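This report goes through a few parts of a structure in turn. Please keep the sequence and the model in view while reading.

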Amino acid sequence: MFVKHLKKSLLVLSLGLAASTGALAQSEVKLLNVSYDPTRELYVEFNRAFAKHWQETEGQKVTISQSHGGSGKQARSVIDGLEADVVTLALAYDVDALRQEAGLIDADWVKSLPDNSAPYTSTIVFLVRTGNPKNVKDWDDLVKPGIEVITPNPKTSGGARWNYLAAWAYAKDKYGSDDAAKDFITKLFKNVPVLDSGARGATTTFVQRGLGDVFLSWENEAFLALNELGKDKFEIVVPSISILAEPSVAVVDKNVDKRGTRKVAQAYLEFLYSKTGQELAGKHYYRPRNAEVAAQYKDLFPEIKLVTIDNDFGGWQKAQETHFNDGGVFDQIYKPGN
Amino acid sequence: MSRRPSVIPGFGLSLGYAAFYASLIVFLPMAVLFAKAFSLTWAEFWKTVLDPQAIASYKLSFGAAFIGASINLVFGFIVAWVLVRYNFFGKKVVDALVDLPFALPTAVAGIALTALYAPQGWIGQYLTPLGIKVAYTPLGVAVALTFIGLPFVVRTVQPVLEELEKEIEEAAASLGASRWNTFRRILFPAVLPALLTGFALAFARAIGEYGSVVFISGNMPFRTEITPLLIVAKLEQYNYAGAAALAVVLLVFSFVLLLLINILQHWSTRRAGG
């Protein structure tokens with residue numbers, strides 16, 4: 001008797017749920033943005049702005065969930081089945097892995113949105129202690145004896161690969177050859193006392209543990225560190241040459257097609273290029289692509305000579321292969337006897 | 001020991017459940033791991049696992065795990081002894097504190113230990129002038145692995161000590177045994193199997209530890225890089241098979257060590273019982 005009653009009420013309940021979710025499906029849509037660590041605050045604000053925009057233009061409610069972690073780890077989660085509608089990662093190499101490892105996105109994803117599918121950029125700068133006691137001005141100062149440089153391990157941190165490549169680009173530009181650049185990088189990493197596994201760990205090492213004289217950092221992270229930890233404690237030093245860090249964004253084709261969210265996912269990423277999106281990027285210390293918005297922030301972001309992965313390193317696949325894969329240049333630096 | 005009855009009600013069901021559960025939670029993931037690792041050719045497999053950098057990391061991982069477990073063997077025993085045999089103010093608190101390394105997220109433990117032992121940390125600032133570097137050295141790795149392993153020895157030895165009756169010691173004393181002899185011939189053999197179990201658990205746990213170590217070790221290739229870090233580095237290259245190969249090495253080594261300790265434990269139980 002009881003069981004029968006229970007069954008009946010369960011049936012009613014499930015019918016009711018089905019009806020209500022069916023109705024919701026039309027008026028509400030959910031997106032998952034899988035991103036990397038330091039974009040948390042940016043996307044909290046951006047999601048709110050986009051939800052408002054979508055409601056106004058399409059009359060549909062959109063709820064966006066965010067997932068943050070190391071860039072490579074996040075990409076692996078998506079490869080292993082985390083149903084991201086969009087990814088906003090630290091480097092194109094990790095986005096490309098979605099294609100290579102699991103065929104989740106189209107081959108020409110990098111052309112699907114303007115500016116290499118990177119709506120905002122950053123670069124690598126130096127963070128030094130107040131007064132710049134070791135008088136660090138440019139990359140050459142980092143290879144001097146007695147200077148300690150803090151950077152995460154490029155083998156485990158996607159973000160740290162930009163640091164390494166920025167240094168390489170400087171040496172190549174100044175000393176001309178790959179061999180000279182390798183010598184320079186070897187000397188530089190001899191001055192690195194600790195290789196944290198991720199960017200935030202390295203920040204802690206430099207800021208809280210008081211280790212090191214120079215911290216190689218993404219520009220946006222350097223600003224955050226200044227804001228959170230005191231402008232009286234640290235200064236930003238901008239080197240003569242750095243690299244254009246392009247955090248890539250992409251719609252995860254296979255997932256949006258399965259979930260029927262392509263339209264809103266595409267609009268979400270395109271909104272990053274809108275004036276609102278660009279202003280939010282600037283507010284969170286990423287360099288906006290939009291010239292007009294960038295002009296508002298020109299005091300914050302000094303002009304530097306910036307090299308790019310595609311022009312100077314032949315793209316991410318090649319850079320990864322040459323420098324960071326097992327047996328690559330980075331491993332050679334640490335070979336015993338070197 | 002009483003003999004187990006040959007037929008227990010619900011035996012079939014519980015055995016079936018146990019087998020299913022163990023397969024799902026343990027054997028299946030292991031099988032996938034092995035399958036991934038052996039998607040490499042033998043030559044690739046050996047090249048990956050015998051790479052000099054990998055070998056340096058095994059030495060650190062196993063060496064520091066062994067040191068950590070050994071320290072816990074001695075001090076865990078003392079802690080357990082104090083907790084069982086003495087009454088003092090705040091004993092309950094100390095007892096609860098022992099489990100803290102279980103509960104704490106390992107990354108938090110790592111950050112806390114690094115804050116203590118870094119050159120300008122609370123403890124580190126006094127050690128550094130003495131020439132003792134803890135954070136960012138193999139010693140730091142051993143400290144982290146000692147921290148996470150402590151509860152294992154305490155929690156395995158404690159119940160055994162509690163069951164040992166004081167009367168046995170008193171009897172030994174009344175028969176003229178010295179304290180040392182009582183310890184050596186009565187107490188120690190009785191707790192030895194539990195000590196070995198605790199040691200093995202602490203050791204096994206330490207080998208795979210990642211979170212607490214990456215913060216304090218400094219992750220310098222060939223010097224302070226643990227094997228789990230190399231596994232993560234391989235994953236960053238989307239080299240799943242290579243990562244699995246290193247994991248298999250850890251697993252096989254750990255399994256052999258656990259097996260040896262089990263045999264030793266079995267032998268010591270029988271000796272103590274007989």
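In which helix is Ala103(B) found? Ala103(B) belongs to helix H5 (residues 100-103) of chain B. Helices here are DSSP runs of H or I with at least four residues, strands are runs of E with at least two, and both are numbered from the N terminus.

This is a predicted model, in which local features need pLDDT of at least 70 and side-chain atom pairs count only at pLDDT 80 or more, while totals for chains, interfaces and linings use all residues. Residues are numbered from 1 along each chain as its sequence is written, chains are lettered from A and ligands numbered from 1 in the order in which they are written, and side-chain values use heavy atoms, with hydrogens and water left out.

**Chain B**

Ala103(B) has a relative accessibility of 62% and therefore counts as exposed. The cut-offs are under 20% relative accessible area for buried and over 50% for exposed, with partly exposed in between (1.4 Å probe, protein chains only). The C-alpha atom of Ala103(B) is separated by 9.9 Å from that of Ile148(B), and the two residues are 45 apart along the chain.

Chain B has 13 helices and 0 strands. Of its 274 residues, 41% are buried. Taken along the principal axes, the C-alpha atoms of chain B fill a box of roughly 65 × 60 × 30 Å.

**A sheet in chain A**

Chain A contains an open sheet of 4 strands in the order S2-S1-S3-S10, with mixed pairing. Two strands pair if DSSP finds at least two bridges between them. S2 and strand S10 (249-251) stand at the edges with a single partner strand each, so one side of each has no neighbour in the sheet. From one strand to the next, the twist averages 20°. The axes behind such angles are lines fitted to C-alpha atoms, for helices over the stretch in contact, and angles run from 0 to 180 degrees between N-to-C directions.

Strand S1 (residues 28-35) of chain A has 6 of its 8 residues buried, so it is largely enclosed by the rest of the structure. S1(A) runs parallel to strand S2 (residues 61-67) of chain A, and 7 bridges join them. Between S1(A) and S2(A) the chain passes through helix H2 (residues 40-58) of chain A, and this β-α-β crossover is right-handed. Right-handed means that, with the strands pointing away from the viewer, the path from the first strand over the helix to the second runs clockwise.

S1(A) also pairs in the parallel sense with strand S3 (residues 86-88) of chain A, over 3 bridges. Asn33(A) has a bridge partner in S2(A), Gln66(A), and another in S3(A), Val86(A). Lys30(A) is partnered in S2(A) by Thr63(A), while Val34(A) stands opposite Val87(A) in S3(A).

**Pockets**

Rolling a probe the size of a water molecule over the atoms shows where empty space is left. A pocket is an open set of points on a 1 Å grid over the protein atoms alone, where a 1.4 Å probe fits, with protein on both sides within 12 Å along at least five of seven lines; lining residues have an atom within 4 Å of a point.

H8(A) gives the largest share, 5 residues.

The second largest pocket has 21 lining residues, and Asp326(A) and Lys47(B) are among the closest to its centre.

Helix H3 of chain A also holds Arg76(A), which is buried at a relative accessible area of 9%.
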